[in-house]
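Q: Could you take a close look at one helix with me, and tell me which of its sides is covered and what covers it?

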Amino acid sequence: MSLALASPSLTASSRRQLISVTLLVVTVHALLLFGLPRLQRIVSAGQNTQVFETRLITPPAPAPAANPRAPEPPPTRAPQATPAAKRPPAHRTSASPKAPSKPQPAPTRADAAAPIESSLFAVKSPVGFGGGSLEKAITPPLTDTQADVVLAFEQAQGDAPPVRVPRASWLTYQTTGVIGGQPLDTPTTLNWRQDGRWYDAEWRLFTNQTGDRTRITTGLVTAQGLAPVSTRLGYEGTPSRFDYDTRIISFGASDTSAQLKPGVQDRLGVLLQLGSLLGGDPARYPEGSVIELPAAHVRGPGQWRFTVLADEDISVLGGKNVPAVRLLHTPQDAQDARIEVWLGRSLDYLPVRLMITEPDGDRVDSRLSTAIALPTPSAAAAIPAQPPR
């Protein structure tokens, strides 16, 4: 008997499964054979592409709105002030150097206010006979207690006009005239000293022809001007004394006395007091005004009555025309003198010319030759030197 493999019969479902498997196998093989090289090229191409880097770019700020409001600054500490830069020194003239620091004087002092006109005082210091300095301190004629009595007496006048006492100075004059019927032509001097508290003045006229006609006065500087304490005619003359405690003037030449009145002045002191009044307030004394003060003459009391006349330019100081205030005192009695005085506006209202006519006919005319400002030392800085006499 022959044996033969018997082929089992296939159903329809089995055949479909077999076909599907066969197609899957064929597809896989086709991909492996034809699709893999292309796939590798695609992958390689992807690996060779450029790499991009990114950066953060800040966008531009938006345009500011119209009229933006300024932000308020945070509070800060006020900066400390720094010293100002020093300016270069200003050009200075050859004026006298600044005085060292010292207590400021009262308005009655000579340097309380600058004169309106340029000063004509010289700056050199004269010397006396033997080379001694003319600068010396004033010996106080009163104690401090007595001086307080004088000040209280003057203050009792009430409201007094302002004064500006002339600065201390040494003045020389050329004096002409007639004395005893004989012509006179001689130099004279006015040594005016004041230290802000005390003053003394000496107008020296001493010749063989005239004898000793020097006038000397001493006193206290007050808010009202000059308050005399002692005055005399001639170095050897008996002084008249002003007692402010008893309010009596004792006249040495006549051995008489009189009541001491506020503002009283002797013949030399009245010239300086007039200058103090005009220096204190020039506008107060226009042309035509009258200044009246009690007088202390050599032999008794009297009255000063000076009328302010028109200004004049006086040729003095070697030909300089100096503007001056002219004042005239006419005799008030038979024993009184006629006095004309010109007070220099640019010389602290000190006399630049003086004309005196005595009741007996003697007359003198003094014109200023030199004017030297000469500060007076205080008593603590006294220099033992005497002016020429």
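A: Happy to; here is a walk around helix H2 and what it packs against. This is a predicted model, in which local features need pLDDT of at least 70 and side-chain atom pairs count only at pLDDT 80 or more, while totals for chains, interfaces and linings use all residues. Residues are numbered from 1 along each chain as its sequence is written, and side-chain values use heavy atoms, with hydrogens and water left out.

The protein chain has three helices and 17 strands (DSSP runs, H or I of at least four residues for helices and E of at least two for strands, numbered from the N terminus). H2 covers residues 144-155, and its twelve residues reach 16 Å from first C-alpha to last, close to the 16 Å expected at 1.5 Å a residue (that expected span is 1.5 Å times one less than the number of residues).

Now for its sides. Ala147, Val150, Phe153 and Glu154 are buried in H2 (under 20% relative accessible area, with exposed meaning over 50% and partly exposed in between, for a 1.4 Å probe and protein chains only). These residues cover an arc of only 120 degrees around the axis, so they lie on the same side of H2 (the arc is that of the directions from the helix axis to the C-beta atoms). The face turned away from this buried side carries the exposed residues Asp144, Thr145 and Gln155.

What covers the buried side? The buried residues of H2 pack against strand E3 (198-204), strand E6 (215-222) and strand E7 (225-233), where contact means heavy atoms within 4.5 Å.
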